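Me: I'd like to learn how to read a structure like this one. Can we go through it feature by feature?

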Amino acid sequence: HGSFGVFARDSGDGSLTFLERQRNGIGGITGMTAPASFALSPDGAWLYVASSGNSGATTIFTRAADGRLTYSASVAGRKQFVVMSPDGLFVYAGGVDGVTTYSRNPATGMLTQI
């Protein structure tokens, strides 16, 4: 199963404190089979995770002020990388089948393929 750890960073000394682990199949998370790339929205409120596993997806999490994540949705498609436009209005996810462009709703974090 795919998983990744979430840490808080002390702005003073740079030390890390473990907060939580996000795992495929737990808490409703689907398609996060092999997390390969991460993109954080400009406002820090949304995290997008590209998964390159055979049944991978781009997984969307909301991010709280303390850094903890809550699963929001998954967009099907095996991808090796995910990047966001500087204005936060577009997400680009790439993989063996090419690059997919999504428009992003900044209020809901949801993606629409264009």
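This is a predicted model: local features need pLDDT of at least 70, side-chain atom pairs count only at pLDDT 80 or more; totals for chains, interfaces and linings use all residues.

Me: Is Asn24 buried or exposed?

Reply: Asn24 has a relative accessible area of 12%, so it counts as buried. Look for Asn24 in the loop between β2 (16-23) and β3; strands here are DSSP runs (E, at least two residues), numbered from the N terminus. A polar atom of the Asn24 side chain lies 3.1 Å from the backbone nitrogen of Gly31.

Me: And why does Ala65 count as exposed?

Reply: Because its relative accessibility is 87%. Ala65 is in the loop between β5 (57-63) and β6 (69-76). From Ala65 to Arg9 you go 56 residues in sequence, but 12 Å in space, C-alpha to C-alpha.

Me: Where do the nonpolar side chains go?

Reply: In soluble globular proteins, nonpolar side chains tend to be buried together. A nonpolar core is a set of buried Ala, Val, Leu, Ile, Met, Phe, Trp, Tyr and Cys residues joined through side-chain atoms within 4.5 Å. The largest one here has 13 residues, and those touching the most other members are Tyr48, Ile60, Val75, Val82, Val91, Tyr102 and Leu111. With 3 residues, β4 gives the most to this core. Another core, of 9 residues, lies apart from it and includes Phe4, Ile29, Met32 and Val49.

Me: How do I find empty space?

Reply: Roll a probe the size of a water molecule over the atoms, and you see where empty space is left. On a 1 Å grid over the protein atoms alone, a pocket is an open set of points where a 1.4 Å probe fits, with protein on both sides within 12 Å along at least five of seven lines; lining residues have an atom within 4 Å of a point. The volume is the space filled by probe spheres set on the points. In this model the largest pocket has a volume of about 240 Å³. It is lined by 15 residues, and Val6, Phe7, Leu47, Arg63 and Gly67 are the closest to its centre.

Me: Which strand gives the largest share of that lining?

Reply: That's β1, with 6 residues.

Notes
Residues are numbered from 1 along each chain as its sequence is written. Side-chain values use heavy atoms; hydrogens and water are left out. Helices (H or I, at least four residues) and strands (E, at least two) are DSSP runs, numbered from the N terminus. Buried means under 20% relative accessible area, exposed over 50%, partly exposed in between (1.4 Å probe, protein chains only). A polar contact is a pair of N or O atoms within 3.5 Å; within protein, one must be able to donate a hydrogen and the other to accept it, and residues adjacent in sequence count only if both atoms are side-chain atoms.
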